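Thanks for coming, everyone. Today I'll talk about links between side chains. Please have a look at the screen.

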Amino acid sequence: MSFPELKERHAAATATVNSLRERLKQRRQQLLDTDVANYTRTQGRTAVNFSSTDLVCCRTLQGHTGKVYSLDWTSERNRIVSASQDGRLIIWNALTSQKTHAIKLPCAWVMTCAFAPNGHSISCGGLDSACSIFNLNSQVDRDGNIPVSQVLMGHKGYVSSCQYFPDRESHLVTSSGDQTCVLWDVTTGQRISIFGGEFPSGHTSDVLSVSVSSSNSNMFVSGSCDATARLWDARIASRAIRTYNGHQGDVNTVKFFPDGQRFGTGSDDGMCRLFDMRTGHLLQVYAQQHNNNEPDFPMVTSIAFSISGRLLFAGYSNGDCYVWDTLLAEVVLNLGKLQSSHEGRISCLGLSDDGSALCTGSWDKNLKIWAFGGLRKVI
Amino acid sequence: MAANGEGEGPEARPPPPSMPQPTRTGDFLGKHRLSAAIARLNQEIQFLEKELNELETMETSAEACKEVFLSTEGRSDALLPVTPGPENPTWHRWFQRVRSSHSRRWWTSKGSSDIS
């Protein structure tokens, strides 16, 4: 076949793809007969009612000398690992505010960190395009630093996010600026699978975030600068299970809903969305009202669900931290406007394993712990 | 066409613009890449058609919305002002006196908005 004929075929195939995508979009729209908020209103529910002193900042963790970029809790014993622009990881006892470890990283440009399920090791990655593993029980070197125990190399771009699989200590998934996610065996340091890249169903731009399902540990979801989220089966690298469209900007953050059947996303377009994993339906949009005079509205940098899923915490680039009633899609509190709130962008958030505390990390160099300090009614 | 007013014979007229002639290798690589791109697009077409077929029989969003609603009911949540039980006593640890072994600071009690 000649070059001009091939070009014609390429143009025709591209047109077919675009037309099919448009038909899919319209068909999906027709299937959205309600959203979570409308359904909840038919059940007569009203929004969660917080008084201004209910959710309080009960700890401020100070110690980083640069912006905090990422944090992760252990599953027990109240510990948090945080990563900062200062090129360090700090492990905190969130209850006492003490720092139990401070690790000066070989590569200062760290973007993400995660605790292994057993709490004995941590992983981090960033602009070095690698993921470094530290065993917290290892002996410190001459400089008092914990040595790197493993380096996961293979990404061709920055590592934006990493998460361990909850029931498999040795398996870690990373997301990268090279448009792929990778599943690693941490013990051997080998790549098990690459998700995306050469295959047509992979992301078409930097992948910024990844979240592993707690109820089906083979499934994980990724969010990307291509404005989509994609669902993957860790056993099947050849194709994304589903692509979720709708956002108008980078998807900075993805997090599974506690039931493991839905997930939330947060984007540069200022909105959060709740998608149904199985059907692909958009179940709810969480969008702020914004002043028409503002040319740019704040971007969503990070999200987390409370343990029941009733609350969606969303950190924004302007320092706001909205607490959304997930069911009614209303903002019920703004942690960014409370006394003792952060003084800068919220870059990361996470719930403790028992759901009793929220940790927020900020460009103001601090982490804060928030808990319910009001009068609780148990029904 | 020269517009500078200088007289020019027909043999001096510039030749019509033509595409740069690719080398044989360049042509082969270009065709190879294009073929690969077309193969990927065709695969994408198959996947999109499959998804469209799936949507023909897919239920509407109402069922999933109901599931979201039901999944939050009955689950105790330490951060909610009204929550089903059981209440776990460890939820209160954030407001209990904790002695730090490094300093003799004591965290103040519940209700304070900043305890650092």
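**Cysteines and salt bridges**

C65(B) has a relative accessibility of 0%, so it counts as buried. One caution before I go on: this is a predicted model.

Now, what is a disulfide? It is a covalent bond between the sulfur atoms of two cysteines. How many disulfides does a search of the whole structure find? The count over all chains is 0. Take C57(A). Its nearest cysteine sulfur belongs to C58(A), 6.5 Å away. For C65(B), the nearest cysteine sulfur is that of C272(A), 17 Å away. C65(B) is in no disulfide either.

On to charges. Side chains of opposite charge can pair when their charged atoms come close. How many salt bridges are there over all chains? The count comes to 16. I'll show you three of them.

Number one, inside chain A. D325(A) and R310(A) meet through their side chains, with 2.8 Å from N to O. Where do they sit? D325(A) is in strand 24, and R310(A) is in the loop between strand 22 and strand 23. So this pair ties together parts that are 15 residues apart in sequence. Buried or exposed? D325(A) is buried, at 0%. R310(A) is buried as well, at 11%.

Number two, also in chain A. K337(A) bridges to D320(A), and their closest N and O atoms are 3.0 Å apart. K337(A) lies in the loop between strand 25 and strand 26. D320(A) lies in the loop between strand 23 and strand 24. The parts tied together here are 17 residues apart in sequence. K337(A) is exposed, at 62% relative accessibility, whereas D320(A) is buried, at 6%.

Number three joins two chains. R93(B) meets D354(A), at 2.8 Å from N to O. R93(B) comes from the segment after strand 1 of chain B. D354(A) sits in the loop between strand 26 and strand 27 of chain A. R93(B) counts as buried, at 13%. D354(A) is partly exposed, at 23%.

Last item: a network. Which residues are in it? R28(A), R242(A), E51(B) and E54(B) are joined by salt bridges that share partners.

That's my part. Over to you for questions.

Technical notes: Residues are numbered from 1 along each chain as its sequence is written. Chains are lettered from A and ligands numbered from 1 in the order in which they are written. This is a predicted model: local features need pLDDT of at least 70, side-chain atom pairs count only at pLDDT 80 or more; totals for chains, interfaces and linings use all residues. Side-chain values use heavy atoms; hydrogens and water are left out. A disulfide is a pair of cysteine sulfur atoms within 2.5 Å. Buried means under 20% relative accessible area, exposed over 50%, partly exposed in between (1.4 Å probe, protein chains only). A salt bridge is a side-chain nitrogen of Lys or Arg within 4 Å of a carboxyl oxygen of Asp or Glu. Helices (H or I, at least four residues) and strands (E, at least two) are DSSP runs, numbered from the N terminus.
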